[in-house]
Amino acid sequence: MIHFIVATSSESKLIIKKLKLKKIKPSSGFDFFYNDNFSITITGLGKINSALGVAHTFFKFKGLSNNIWINIGLAGHEKEKIGTLVLVDKIYDYETQRSIYPFFIKNYKIKKLNCTCYSKPNFNYTNSLSDMESSGFFFSANKYSTKEIIHSLKIVSDNKFEKIDFNDTKSIERIFEKNFDQILYFVNDIEDLWERKFQKQNKIKIKIEKEIENLKYSFSEGMQLRNLLKIYYNSNYPKKIIEQNKSTKDNIYKIKKILKL
Amino acid sequence: MNFETVYIEEDTKEDKNTLDILGRIKFKNLIYCNSYSEVFNPKNQNFRIQKIKPDIILAKKKNNFIMNTPKNFTIGFTENYYFSHMLNCIYDCKYCFLQGMFNSANFVIFTNYNDFINEIIKKSSNKNKKLCFFSGYDCDSLALENITNFLKVFLKSFEKINNAYLEVRTKSTKIDVLKSIKPMKNVIIAYSLNPEIIVKGFEQKTPTLKKRINSINSLQKLGWQVGLRFDPLINYSKNKQIYKKFFELVFSKIQVEKIHSVTTGHFRMPNNFFNKLINIRPEDSLIFNKLKNDRLLECQTQRKECEEELIKFIDYKKLFAN
């Protein structure tokens with residue numbers, strides 16, 4: 001699943017509309033919208049809210065590890081044109097002075113810049129993007145997913161010459177609209193990578209849990225059984241192997257025998 | 001070689017070796033960092049994804065330049081050390097312990113080559129002792145030479161240390177650097193070899209056995225000392241005939257009398273590395289579990305059988321089990 005994390009409602013509107021996402025009610029502190037493949041969470045401004053929003057989203061959607069996390073939001077820059085879409089290649093947290101480095105599997109046709117994340121609005125523009133969410137978002141998402149499928153996309157909203165009216169939802173929607181196709185192309189590409197690297201293992205994990213749900217086992221038996229089943233299904237044995245009428249011990253013995261372990 | 005991103009530690013950006021490396025590579029993006037560890041060490045990175053297209057990190061090694069080898073790890077010298085001017089490797093061997101040890105598949109190059117040589121000079125100050133330094137523990141020493149220029153710079157200084165010996169362990173057939181300099185008595189180019197069927201099955205992106213043997217021949221003709229490293233022997237007991245024929249092939253193609261040393265080793269890995277390996281290579285988990293079980297049961301027999309085969313070709317004094 002692909003989780004979008006945005007700070008404000010105006011940053012979410014176009015994505016909700018284009019992807020036809022439905023609202024989850026009640027909101028439980030954050031506004032969540034979703035369909036089968038995507039979710040978007042409106043976290044509120046700031047890195048703490050963003051981090052909390054990621055954590056809530058994770059548990060709201062079954063707590064599955066290695067989903068895709070995308071932060072989209074507005075950011076300032078010294079001289080980049082308003083409406084420019086930027087892929088963040090380094091996130092520097094101004095307060096903690098810690099840096100994070102997203103990983104890119106290929107060269108996208110989206111400009112890359114680093115981003116400094118502040119706890120307060122910053123209008124002292126530099127050649128780094130400035131925002132208020134990216135570090136909280138990334139640190140939090142990286143607890144639940146590997147960093148290669150976590151990214152922050154920023155749209156320049158202000159520079160030292162001009163800024164958009166942050167209260168004007170329409171103008172925010174316009175600059176999102178302008179970049180939507182590129183955003184979706186990028187997200188689809190990350191999804192391709194996810195399918196290649198994680199989908200099979202996720203399916204195996206779900207299959208294993210379903211197969212052993214009615215068995216009784218101790219903690220260590222459970223670990224052993226899951227490991228053996230993981231080896232079994234990764235070794236291209238297509239058939240189900242667990243016999244529900246037999247004990248866990250017998251099932252472990254049977255799998256070991258088949259695998260010759 | 002093309003890279004998506006080059007990371008450079010701030011305090012190494014003006015160094016000559018760093019600038020030289022930048023001149024030899026193509027890259028799209030350059031990012032400065034305070035320490036290579038900010039990029040390389042964090043948890044929750046996916047080694048397999050990064051291996052598809054690794055980035056490069058240019059850094060300065062600050063300490064622990066030279067480390068002691070594990071006890072009994074030797075090719076005939078009593079004092080043995082290892083060092084790594086680079087972390088990670090361009091090859092993708094399934095059994096490689098680096099994927100269990102490191103969180104990232106990015107290449108780290110420590111560009112302060114002279115600091116390594118200075119430490120080696122210090123260690124070698126007692127001229128009565130013969131010491132051996134192993135390069136290529138955490139990388140392949142030769143494979144990225146066209147980018148690093150490490151050996152070209154390093155060997156000039158190493159040649160002058162008479163009581164120090166250097167093992168350059170590799171699977172690479174890019175031997176241009178060795179062709180361009182005079183062979184040195186205190187340098188051993190050590191080739192890791194396995195039967196072609198194992199190369200195909202386990203040593204992805206590496207040169208074929210035939211190409212490695214050709215390189216050994218070229219180096220021997222030039223006058224370089226060459227060592228053979230049969231490490232790891234994969235499932236030796238079950239592949240006995242394959243290995244027997246393989247040894248016959250190797251020793252029939254090279255100048256046996258000029259071989260410096262031969263070592264053998266079985267598949268070995270600390271448990272935590274092994275578990276990580278299984279996790280990131282789930283599709284190979286069965287074979288690795290079998291190899292691990294074999295190790296426990298058959299390791300001693302395997303070593304003995306293998307040594308019996310090898311002493312048909314070489315003097316047992318040149319044979320070491322690591």
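Tutor: Gladly! Let's begin with one pair: A:Phe33 has A:Ile40 of β4(A) as its bridge partner. Keep in mind that this is a predicted model.

Student: What makes β3(A) and β4(A) a pair of strands?

Tutor: Pairing takes at least two bridges. Strand β3 (residues 31–34) of chain A and β4(A) have 4 bridges, in the antiparallel sense, so they pair by the rule of at least two. They also form a hairpin, with 3 residues between them.

Student: Which way does strand β1 (residues 2–6) of chain A run beside β4(A)?

Tutor: Those two run parallel, joined by 5 bridges. A:Val6, for instance, has A:Ile42 as its bridge partner in β4(A).

Student: Why is strand β4 of chain A described as largely enclosed?

Tutor: Because 5 of its 5 residues (38–42) are buried, the rest of the structure largely encloses the strand. On one side A:Phe38, A:Ile40 and A:Ile42 are buried, and on the other A:Ser39 and A:Thr41 are too.

Student: Now the two chains. What makes B:Glu4 and A:Lys112 a salt bridge?

Tutor: The cut-off is 4 Å between a Lys or Arg side-chain nitrogen and a carboxyl oxygen of Asp or Glu. For B:Glu4 and A:Lys112 the closest N and O atoms are 2.8 Å apart, so the pair meets the 4 Å rule.

Student: How many residues of each chain are in contact?

Tutor: 29 residues of chain B are in contact with 30 of chain A.

Key:
Residues numbered from 1 in each chain as written. Chains lettered and ligands numbered in written order. Predicted model: local features only at pLDDT ≥ 70, side-chain atom pairs only at ≥ 80, totals over all residues. Heavy atoms only, no water. Buried < 20%, exposed > 50% of the residue type's maximum accessible area, 1.4 Å probe, protein only. Contact = heavy atoms within 4.5 Å.
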